Amino acid sequence: MKKTKLKIAIAGAVLVAMAATGTALAAGGSSNGDSGSGSGSERPRIEQSQQKDPSAIKADGPNVFPHSLDYDARSKTFFAGSLKQGKVYAVSPDGKVRTHIDDPELVSAQAVNVDRERDRILVSNVDYGTADRSNPESPFGIAGVGSYDLKTGKQDWCVDLTAIALDGKKHLISDVTVAPDGTAYAVDELTPTVFRIDTEGRAAVFLRSDLLQGKLDIPNFLDDVGMAAVEWVKGNQLIIAMADGSLVRVPVEHPEKAAKVKLSAPLASPTAGMRLLKDGSLTAVSSGLLSGKPAQIQHVKPRNGWKEATVTVIDTVEDPVTSDVTAGPGATTYALSGGLADLLAGKPNDGFTLTPVKTN
């Protein structure tokens, strides 16, 4: 692996990498129709067919700058992580925002995954060196996953994955998914490592594989950026989206048999977040940050048990830095634009936008 290149003095460059390489807590980033992404464990499985012409949601959260979000259908609430403040916010469909999780252990909240089966929210803990709680002298030194009560936001546990990896490397937990038995799987964007975490917060390295080695370079910032999003799918498999637009299939019972998914065309790069649909296919969003073009919403339809898949561009979002997709109220799907343009420019921001998008 090439040496990670850091220019921490330029805060804008840090957030360029964040916006470009995505998450997705897979969403990615995002579960069944009663929960947000990851409950039981697929992202909310609701097709966009019951509501016509949904409107964009303008959330009023100042300086939240979310990179990932998920939706809880029962409470009709979106939950969005804050890159800047290390908190998780509850967002109502009318755009009102309130703090739901404020845990001092969270430096920067990236992936957010609602697990309705266990009434919890899983959050990945990262540190780009620019959050309010960051240590700018040691960016990417924090990597973890926390579990929080869905109703109260109280911490169940928060596990330090750097202590599990014990490799002395920099880490970035970009996304988290949950299997039906409650086991969580977290992917690392900066090393080819997948972590497995049980319902009590006990963690172990699940897989290290050259297939998961990053290949995307962010100019003047990071080399070898890898796993961006993950989803558990039927057949007891993980589908991992790489930032370079490829997908990797990992059988949970035999992770050593991990293999690339043969795609009709690669996903646009960098891939950011994903959402599992009711029919077992995926919606994926790819950031247009590096190209300056609109973000792409793509439909990924599997064949032969996810050994192959067809990729089709379904929709676009004008904001290039769109970074996640999730279910929404009334059988909609929304893409997240976290207001990162202002953050990159060092400006305050008074909110963020959820844009309704097509899924097929």
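This is a chat about a predicted model of one protein chain.

Me: Hi! What does the secondary structure of the chain come to?

Reply: Hi! The chain has three helices and 27 strands.

Me: And what share of the residues is buried?

Reply: Of the 360 residues in the chain, 60% are buried. As for the surface, the chain exposes about 13,100 Å², and carbon and sulfur atoms supply 48% of that area.

Me: Let's go inside. How many residues does the largest nonpolar core have?

Reply: The largest nonpolar core has 17 residues. Val194, Leu212, Leu238, Ile240 and Val250 are those with the most contacts inside it.

Me: Which strands each supply at least two residues of this core?

Reply: Those are strand E11 (184-188), strand E13 (203-208), strand E16 (227-233), strand E17 (237-242) and strand E18 (247-251).

Me: What is leucine 238 in contact with, leaving aside its neighbours within four places in sequence?

Reply: Quite a list! Leucine 238 is in contact with Thr177, Tyr185, Val194, Phe206, Val230, Glu231, Trp232, Val248, Arg249, Val250 and Val252. Val194 and Val250 also came up among the core residues with the most contacts.

Me: Which residues does the second core include?

Reply: The second core is separate and has 15 residues, including Val233, Val261, Leu276 and Leu282.

Me: Switching to sheets. What order do the strands have in the open sheet of four?

Reply: The order is E6-E7-E8-E9, and the pairing is antiparallel.

Me: Which ones are the edge strands?

Reply: Strand E6 (108-115) and strand E9 (155-160) are the edges, each pairing on one side only. From one strand to the next, the twist averages 15°.

Me: Over how many bridges do E8 and E9 pair?

Reply: Strand E8 (residues 144-149) and E9 pair over five bridges, in the antiparallel sense. Within that part of the sheet, tyrosine 148 stands opposite glutamine 155 in E9.

Me: On to charges. How many salt bridges does the count come to?

Reply: The count comes to nine salt bridges. One of them joins aspartate 132 to lysine 84, and their closest N and O atoms are 3.5 Å apart.

Me: Where do aspartate 132 and lysine 84 lie?

Reply: Aspartate 132 is in the loop between strand E7 (120-126) and E8, while lysine 84 is in the loop between strand E3 (77-81) and strand E4 (88-91), so the pair ties together parts that are 48 residues apart in sequence.

Me: Is aspartate 132 buried or exposed?

Reply: Aspartate 132 counts as exposed because its relative accessibility is 51%, and the cut-off for exposed is over 50%.

Me: Which residue forms a salt bridge with lysine 87?

Reply: Lysine 87 bridges to aspartate 102, with the closest N and O atoms 3.9 Å apart. This pair also links distant parts of the chain: lysine 87 sits in the loop between E3 and E4, aspartate 102 in the loop between strand E5 (97-101) and E6, and they are 15 residues apart. Lysine 87 is partly exposed at 22% relative accessible area, and aspartate 102 is partly exposed at 43%.

Me: How far apart are the closest N and O atoms of arginine 303 and glutamate 308?

Reply: They are 3.4 Å apart, in another salt bridge. Arginine 303 is partly exposed at 37%, and glutamate 308 is partly exposed at 25%. There is a network too: salt bridges that share partners join Asp72, Arg116 and Asp119.

Me: Now the backbone. Which peptide bond is cis, with omega near 5°?

Reply: The one from serine 269 to proline 270. Proline 270 lies in the loop between strand E20 (262-263) and strand E21 (271-276).

Me: What phi does asparagine 63 have?

Reply: Asparagine 63 has a positive phi of about 55°, although it is not a glycine. Its place is the loop between strand E1 (57-59) and strand E2 (69-72), and it is partly exposed at 26% relative accessible area.

Me: Why point that out?

Reply: Because most residues other than glycine have a negative phi, just as most peptide bonds are trans.

Me: And what about the phi of alanine 331?

Reply: Alanine 331 has a positive phi of about 65°, and it is not a glycine either. It lies in the loop between strand E25 (324-328) and strand E26 (332-337).

Me: Is alanine 331 buried or exposed?

Reply: Alanine 331 is buried because its relative accessible area is 4%, and buried means under 20%.

Definitions and conventions. Residues numbered from 1 in each chain as written. Predicted model: local features only at pLDDT ≥ 70, side-chain atom pairs only at ≥ 80, totals over all residues. Heavy atoms only, no water. Core = buried A, V, L, I, M, F, W, Y, C linked by side-chain atoms within 4.5 Å. Buried < 20%, exposed > 50% of the residue type's maximum accessible area, 1.4 Å probe, protein only. Contact = heavy atoms within 4.5 Å. Areas by Shrake-Rupley, 256 points an atom, 1.4 Å probe, with all protein chains shown as cover. Pairing = 2+ DSSP bridges. Axes fitted to C-alpha atoms, helices over the stretch in contact; angles between N-to-C directions. Salt bridge = Lys/Arg side-chain N within 4 Å of Asp/Glu carboxyl O.
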